[in-house]
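This report looks at one protein chain.

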Amino acid sequence: MQQKKRILTGDRPTGQLHLGHYVGTLKDRVRLQDEYDCFFIIADLQVLTDHLENYSSIESNVFEVMCDYLGVGLKLENTFFVQSQVPELAELTMYFSFLVTLPRLQRNPTVKDEAKTYGVTNISYGFLGYPISQAADILAFKADLIPVGQDQLPHIEQTREIVRSFNRVFGKEVFALPEPLVGEVPVLVGTDGTNKMSKSLDNFVAFAHSPEETERRILNMVTDRKRAYRKDPGHPDECFAFKYWSVFASTDTLLVRQECETAARGCKECKAQLTGKLNERLAEIRERRQCYVSQPDLVWDILATGTKRARAVATETLEEVREAIRISFPRLRVSIKGGQ
Ligand code: SF4
């Protein structure tokens, strides 16, 4: 039987996941999980690149993200793991760091954009070098495919360059070139009607929110800015609530469009109806999520099993890597095992 190709993807644990994540990646992951051998990394160390002041909540955020994963329907057969608990990744990052020049890192457009987005002005060595750490995350597990949006392609190209350099410099084909699995990553605008949905801007709807909180957030949502009065015809293509209709209740969009353009529906009732549809859609996810939230031991066990599995794969890769670099020192390892 042909082995399934391996995918590696994941999230930084900066808080609860929300509808923006669902539309952008989670929905796709649920679809891909039966076809591929999926490794989901919760990249806790990456949080340190730009959230140094906020690191105390990493552990609880890892738990929240894991509950969100299981809530949206990712299955237990997948490998879920925590980045910092696979120390081989840090070791591999170190080896790879010798293969990448400083100007090459400084040229990476994604790093520049992210520094701007997160307001990082004093760029640390770790921030600048995180594409190297990402390459280690991918290559330690010999992932074949990496689901990415267009904006992440420079990272994959960087990883591919590292593969070529490593194999050439150390004269051994340890790594194969991973391929990007480029999908359209739709961006969901937040309830402020201006910015991408984001926790830091408080313009989000999380899976963890109650139906009432969801209602509050959707009812406060900014809609068609050109529609001043209830009697004015609306412009659905300029209304972010309409975008939500098309993503979460697409079968109703024709009717909503027609009633909006003829002023047969008002924005308040439209958003109330939308909330009902959203809450219906989220009910199953919330129920499943809550079931895991109430069993923290089970959630940590799932992560422990996945992390162990991930570590076993990374350990094998690192043995090959050390051999290629000629730093495997079998004699020293024997003496360490013997406690001398
Ligand atoms: Fe948007 Fe609905 Fe108002 Fe039309 S009726 S502008 S779709 S909120």
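Which residues of helix α6 (residues 109-117) are buried? They are T110, V111, E114 and A115. Buried means under 20% relative accessible area, exposed over 50% and partly exposed in between, with a 1.4 Å probe and protein chains only. Helices (H or I, at least four residues) and strands (E, at least two) are DSSP runs, numbered from the N terminus.

The model is predicted: local features need pLDDT of at least 70, side-chain atom pairs count only at pLDDT 80 or more, and totals for chains, interfaces and linings use all residues. Residues are numbered from 1 along each chain as its sequence is written, and side-chain values use heavy atoms, with hydrogens and water left out.

**Helix α6.** Seen down the axis of α6, the buried residues fall within an arc of 135°, so they line one face of the helix. That arc is taken from the directions from the helix axis to the C-beta atoms. On the other side of α6, K116 and T117 are exposed. The buried residues pack against α7 (125-128), α8 and α9. Contact means heavy atoms within 4.5 Å. Just after α6, G119 has a positive phi of about 65°.

**The α8 and α9 pair.** Two of these partners also pack on each other. The axes are lines fitted to C-alpha atoms, for helices over the stretch in contact, and angles run from 0 to 180 degrees between N-to-C directions. α8 and α9 pack at about 70°, with axes 9 Å apart. They are therefore roughly perpendicular (65 to 115 degrees). The residues that make the contact are tabulated here.

| Helix | Range | Residues in the contact |
|---|---|---|
| α8 | residues 130-139 | Y130, P131, I132, Q134, A135, I138, L139 |
| α9 | residues 153-169 | H155, I156, Q158, T159, I162, V163 |

By class, this contact has nine nonpolar, four polar and no charged residues. Ala, Val, Leu, Ile, Met, Phe, Trp, Tyr, Cys and Pro count as nonpolar, Asp, Glu, Lys and Arg as charged, and the others, Gly among them, as polar.

**Residue E179.** E179 lies in strand β5 (residues 179-182). At 40% relative accessibility, E179 counts as partly exposed. Leaving aside neighbours within four places in sequence, E179 contacts D144, L145, I146 and R160. The C-alpha atoms of E179 and I7 are 9.7 Å apart, though 172 residues separate them along the chain.

**The whole chain.** The protein chain has 15 helices and five strands. Of its 340 residues, 48% count as buried. The C-alpha atoms fill a box of roughly 80 × 45 × 45 Å, taken along the principal axes.

Conventions: Parallel < 35°, antiparallel > 145°, perpendicular 65-115°, else oblique.
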